[in-house]
Amino acid sequence: MINKVTRQKASHQVLAQLKDGINGGTFPVGEKLPSENELANAFGVSRVPVREALGILEVSGIISSRQGGGHRVEQHSLLSKYEPLVMEIANPSEVEALLEMREVIEQQAARLAAERRTEEDLQNIEQALNAFRLGTLNEGLIGHQQDYLFHRAIMLASHNPFLVQILDNMHELYLGVLVYSLSKNLGRDAERQRVIDEHEQVWLAIKAGDPIRAASSMQNHLSNVRGKLRRLKEEAET
């Protein structure tokens, strides 16, 4: 049964109910979900929170977009039953803590990806990199979704499903930090190109099957992000 959404953070509530419906069999694997309009009417919300919730489920691999519109429930493991962390960026210390954790986890993911990646993994990472490059070079886009999917492709190439789940559980907080960080590069072509180059170095190391260089390149990239955000914080306090 779908309940009306009345509190704030409607997308979180929609997401929780959709996941309950998928895990409980209301929306079986292989079946098409109701349309965005039908879901919005059932939940008593606009299409915006419905679209946000569907986007998280799609990025998590729980549903997929259907050609011609709509979404289909995909086969998913028990990992999908974990509830995503519903968090916001409350203060700079939280951002710093997230970036510390990213350095620890994503260095390891890059190292494992260089050791374990398949040809399909390499294609997926390269496609994600190209999408990030195009999005970043487009002056009207921030590129946060493309950045997220690039890092997620590397997580997938590590062939450790729990690393992927950690990333997906922090989806909203992770994207929030990306939006904040990448938005500071708008209008700064040299800075945007530097970020592209850093991503490319990670990709080239994984492609070459060099785990040490892959981990080092990822650490360098995330360290630069932390340094930039630290400088922005200091500038804001002066």
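**Figure 1. Overall organisation of the protein chain, with ten helices and two strands.** The model is predicted; local features require pLDDT of at least 70 and side-chain atom pairs count only at pLDDT 80 or more, whereas totals for chains, interfaces and linings use all residues. Residues are numbered from 1 along each chain as its sequence is written, and side-chain values use heavy atoms, with hydrogens and water left out. Helices (H or I, at least four residues) and strands (E, at least two) are DSSP runs numbered from the N terminus. From that terminus on, the elements follow the order α-α-α-β-β-α-α-α-α-α-α-α. Of the 238 residues in the protein chain, 44% are buried; buried denotes under 20% relative accessible area, exposed over 50%, and partly exposed the range in between (1.4 Å probe, protein chains only). Among contacts (heavy atoms within 4.5 Å) with a separation of 6 or more, 73% involve residues 24 or more positions apart.

**Figure 2. The salt bridge between Glu36 and Arg47.** A salt bridge is a side-chain nitrogen of Lys or Arg within 4 Å of a carboxyl oxygen of Asp or Glu; by this rule the count is eleven. In the Glu36–Arg47 pair, the N to O distance is 3.0 Å. Because Glu36 belongs to helix α2 (residues 36-43) and Arg47 to helix α3 (residues 47-59), the pair ties together parts that are eleven residues apart in sequence. Glu36 is buried at 18% relative accessibility, while Arg47 is partly exposed at 37%. Arg51 is linked with Glu36 and Arg47 in a network of salt bridges.

**Figure 3. The salt bridge between Arg102 and Glu106 within helix α4.** The closest N and O atoms of this pair are 2.7 Å apart. Both residues lie in α4 (residues 92-116), with a spacing of four residues, about one turn of the helix. An α-helix has 3.6 residues a turn, so residues three or four places apart point the same way. Arg102 is buried, with a relative accessible area of 4%, and Glu106 is likewise buried, at 2%.

**Figure 4. The salt bridge between Arg72 and Glu74.** Here the closest N and O atoms are 3.0 Å apart. Arg72 is partly exposed at 33% relative accessibility, and Glu74 is also partly exposed, at 21%.

**Figure 5. The buried and exposed sides of helix α5.** Helix α5 (residues 119-137) contains 19 residues and spans 27 Å from its first C-alpha to its last, close to the 27 Å expected at 1.5 Å a residue; the expected span is 1.5 Å times one less than the number of residues. Asp121, Leu122, Ile125, Ala128, Leu129, Phe132, Gly135 and Thr136 are buried in α5. These residues cover an arc of only 160° around the axis, which puts them on the same side of α5; the arc is that of the directions from the helix axis to the C-beta atoms. On the other side of α5, Glu119, Glu120, Gln127, Leu134 and Leu137 are exposed.

**Figure 6. The packing of helix α5 against helix α9.** The axes of α5 and α9 (residues 189-207) come within 10 Å and cross at roughly 175°. This crossing makes α5 roughly antiparallel to α9, a term for angles over 145 degrees, whereas those under 35 count as roughly parallel, 65 to 115 as roughly perpendicular and the rest as oblique. Axes are lines fitted to C-alpha atoms, for helices over the stretch in contact, and angles run from 0 to 180 degrees between N-to-C directions. The residues that meet include Leu122, Ile125, Leu129 and Phe132 in α5, and Val195, Ile196, His199 and Trp203 in α9.
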